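Subject: Handover of a structure

Dear colleague,

Please find the structure below, followed by an account of what was found in it.

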Amino acid sequence: MGIRARFKEQKFPAAADHLLSAYEREPKAVLLFNAGQAYRKALRPVEAKSAYQKLVTTYPEHPLVPEAKGYIQTLDALIAEVQAKQQIELSLMEQKAKSEKELPEQRARREAVHKALSKNKRPYYPRVWFEPPMARGAS
């Protein structure tokens, strides 16, 4: 199956891998650019940036370099955003694990305080502030 067929069937990772192996056999700038495109469409920004970066450093005068540099900037922002999101998710998972660990300890402390307070608690009997009138009955 050729590269065009893989692109048409939206098998972008396979197309990118095939393009990189073709680049190893016959180094051409367009193969690196297209590999970057395929990785970008496959939502693999790190690999896409690597392919574009290799194009920029290996062929600095090629006409596709400005477009590749634009993609590199976009991918840098995307990668930074994904890393920030992962860091936030990791922090939230750590907080959740910590709170789940502390929850039984807090419950035990609360129950101990409640038990200690209930020992010293006297029953509450309201005082009568007035005497209700006595019913006078006829005998």
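Gln-37 touches Tyr-52 and Tyr-71, leaving aside residues up to four places away in sequence; contact here means heavy atoms within 4.5 Å. The model is a predicted one, in which local features need pLDDT of at least 70 and side-chain atom pairs count only at pLDDT 80 or more, while totals for chains, interfaces and linings use all residues. Residues are numbered from 1 along each chain as its sequence is written, and side-chain values use heavy atoms, with hydrogens and water left out.

Gln-37 belongs to helix α3; helices (H or I, at least four residues) and strands (E, at least two) are DSSP runs, numbered from the N terminus. With a relative accessibility of 12%, Gln-37 counts as buried. The term buried means under 20% relative accessible area, exposed means over 50%, and partly exposed lies in between (1.4 Å probe, protein chains only). The side chain of Gln-37 also makes a polar contact, at 3.1 Å, with the side chain of Arg-40. A polar contact is a pair of N or O atoms within 3.5 Å; within protein, one must be able to donate a hydrogen and the other to accept it, and residues adjacent in sequence count only if both atoms are side-chain atoms.

Rings of Phe, Tyr and Trp (its six-membered ring) pair if their centres lie within 6.5 Å; planes under 30 degrees apart count as stacked, over 60 as edge-to-face and the rest as tilted. The whole structure holds 3 aromatic pairs. In one of them, the ring centres of Phe-33 and Tyr-71 are 6.2 Å apart with the planes at 50°, so this pair is tilted. Phe-33 lies in helix α3 and Tyr-71 in helix α5, 38 residues apart, and both residues are buried. Tyr-52 and Tyr-71 form a stacked pair, with 5.2 Å between centres and 15° between planes. Because Tyr-52 is in helix α4 and Tyr-71 in helix α5, this pair ties together parts 19 residues apart in sequence. Tyr-52 counts as buried, at 0% relative accessibility.

Phe-33 and Tyr-52 are also among the residues with the most contacts inside the largest nonpolar core, which has 25 residues. Such a core is a set of buried Ala, Val, Leu, Ile, Met, Phe, Trp, Tyr and Cys residues joined through side-chain atoms within 4.5 Å. Helix α3 supplies its largest share, 7 residues.
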